[in-house]
Amino acid sequence: MSADFEKFITTCRAAIANERDEAKVIGAVQDALREILGREGWLPESHCQPRGDRYAQYPLYVAADGGFSVVSFVWSPGQSTPIHDHTVWGVIGIHQGRERTEAFRYQDGRLVVTKTIDAEVGDVGAVSPRIGDIHRVGNVSDQVAISIHAYGGDIGRVERHVFDEQGGSRDFVSGYEPVQPLLID
């Protein structure tokens, strides 16, 4: 494991342990994430491999108590998620490529797009049930895109929701690709 990633995890752990205000936790995690985005050498090839059938979600760190996790999302050009939520806070940063996020909210019982954001290397955003948590994300570049996500829960095991634009939903648990995290408590 690289010193850069270990410093990131240490900074995030401290913010989560010492702060109760979600906005301040998110801000501290965003600042720490900006420090490693786009840097070479800390993210191993094993956690950068795209899949042919859909995006890949690789565990980088999962806290022993399940209260915090970090994952790399790897996308081939054109791949995207369904509309989904997280049910916990999350910080997302672009490590490679370009991603488009469409934020949704309910209006008259249907989901409508409220904002579209194109993010490039170094850009960092956030989600949470408090600030907005329903979105769809995809790779809009002509290369493999990689984003790093930190969540206030074990996102591979959190029960979440997938939505259709008519407002219907179903529960899902995303899981992880079958690789070892970079750091294990």
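Which element gives the largest share of the lining of the largest pocket? I began my notebook with this question, and I record that the model I consulted is predicted.

**Entry 1. The largest pocket**

I found that β5 gives the largest share of that lining, with five residues. The volume of the largest pocket came to about 440 Å³. I counted 22 residues in its lining, and those closest to the centre are Thr101, Ile117, Ala126, Val127 and His135. I then looked up which elements supply two or more lining residues: these are β4 (90-96), β5 (98-107), β6 (110-120), β7 (124-127) and β8. By residue class, I noted twelve nonpolar, five polar and five charged residues in the lining of the largest pocket.

**Entry 2. The second largest pocket**

For the second largest pocket I noted a volume of about 190 Å³. Its lining is made by Gly38, Arg39, Glu40, Gly41, Trp42, Leu43, Glu45, Cys48, Gln49, His95, Gln96 and Ile146. Here I recorded four nonpolar, five polar and three charged residues.

**Entry 3. The cavity**

How many cavities of 30 Å³ or more does the structure hold? I found one. The space in the largest cavity is about 90 Å³. Its lining has 14 residues, and the closest to the centre are Phe73, Thr81, His84, His86 and Arg160. I saw that β2 (69-75), β8 (135-139) and β9 (145-151) each contribute at least two residues to this lining. I classed seven lining residues of the largest cavity as nonpolar, six as polar and one as charged.

**Entry 4. Helix α1**

I listed Phe5, Phe8, Ile9, Cys12 and Ala15 as buried in α1. These residues cover an arc of only 130° around the axis, and therefore they sit on the same side of α1. The general rule I kept in mind is that an α-helix has 3.6 residues a turn, so residues three or four places apart point the same way. On the face of α1 turned away from the buried side I found the exposed residues Ala3, Lys7 and Asn18.

**Entry 5. Helix α2**

I repeated the check for α2. Its 13 residues should span 18 Å at 1.5 Å a residue, and its end C-alpha atoms are 18 Å apart, which agrees. Its buried residues are Val25, Ile26, Val29, Gln30, Ala32 and Leu33. Viewed down the axis of α2, they fall within an arc of 165°, so they line one face of the helix.

**Entry 6. Aromatic pairs**

I counted eight aromatic pairs in the structure. One of them joins Tyr55 and Trp75, whose rings are tilted, at 5.1 Å centre to centre with 35° between the planes. Tyr55 belongs to the loop between α2 (22-34) and β1 (56-62) and Trp75 to strand β2, so this pair ties together parts that are 20 residues apart in sequence. Is Tyr55 buried or exposed? I recorded Tyr55 as buried because its relative accessible area of 14% falls under the 20% cut-off. Trp75 also counts as buried, at 1% relative accessibility. Trp75 pairs with Phe73 as well: the ring centres are 5.9 Å apart and the planes are at 25°, so the pair is stacked. Elsewhere I noted a cluster in which ring pairs link Phe5, Phe8 and Trp42. Phe5 and Phe8 are among the buried residues of α1, while Trp42 is one of the residues that line the second largest pocket.

**Entry 7. Two loop residues**

Where is Arg130 placed? I located Arg130 in the loop between β7 and β8. Its relative accessible area is 53%, so I counted Arg130 as exposed, the cut-off being over 50%. Arg130 and Ala23 are 107 residues apart in sequence, yet their C-alpha atoms are 9.6 Å apart in space.

I found Asp65 in the loop between β1 and β2. Asp65 counts as exposed, at 68% relative accessibility. Between the C-alpha atoms of Asp65 and Gly153 I noted a separation of 8.9 Å, although these residues are 88 residues apart along the chain.

Note on methods. Residues numbered from 1 in each chain as written. Predicted model: local features only at pLDDT ≥ 70, side-chain atom pairs only at ≥ 80, totals over all residues. Heavy atoms only, no water. 1 Å grid on protein atoms, 1.4 Å probe; cavity = no way out; pocket = protein on both sides within 12 Å on 5 of 7 lines; lining within 4 Å. Points joined across faces, edges and corners; volume = space filled by probe spheres on them. Helix = DSSP H or I, 4+ residues; strand = E, 2+ residues; numbered from the N terminus. Nonpolar A, V, L, I, M, F, W, Y, C, P; charged D, E, K, R; others polar. Buried < 20%, exposed > 50% of the residue type's maximum accessible area, 1.4 Å probe, protein only. Arc of directions from axis to C-beta. Phe/Tyr/Trp six-rings, centres within 6.5 Å; stacked < 30°, edge-to-face > 60°. Expected span 1.5 Å × (residues − 1).
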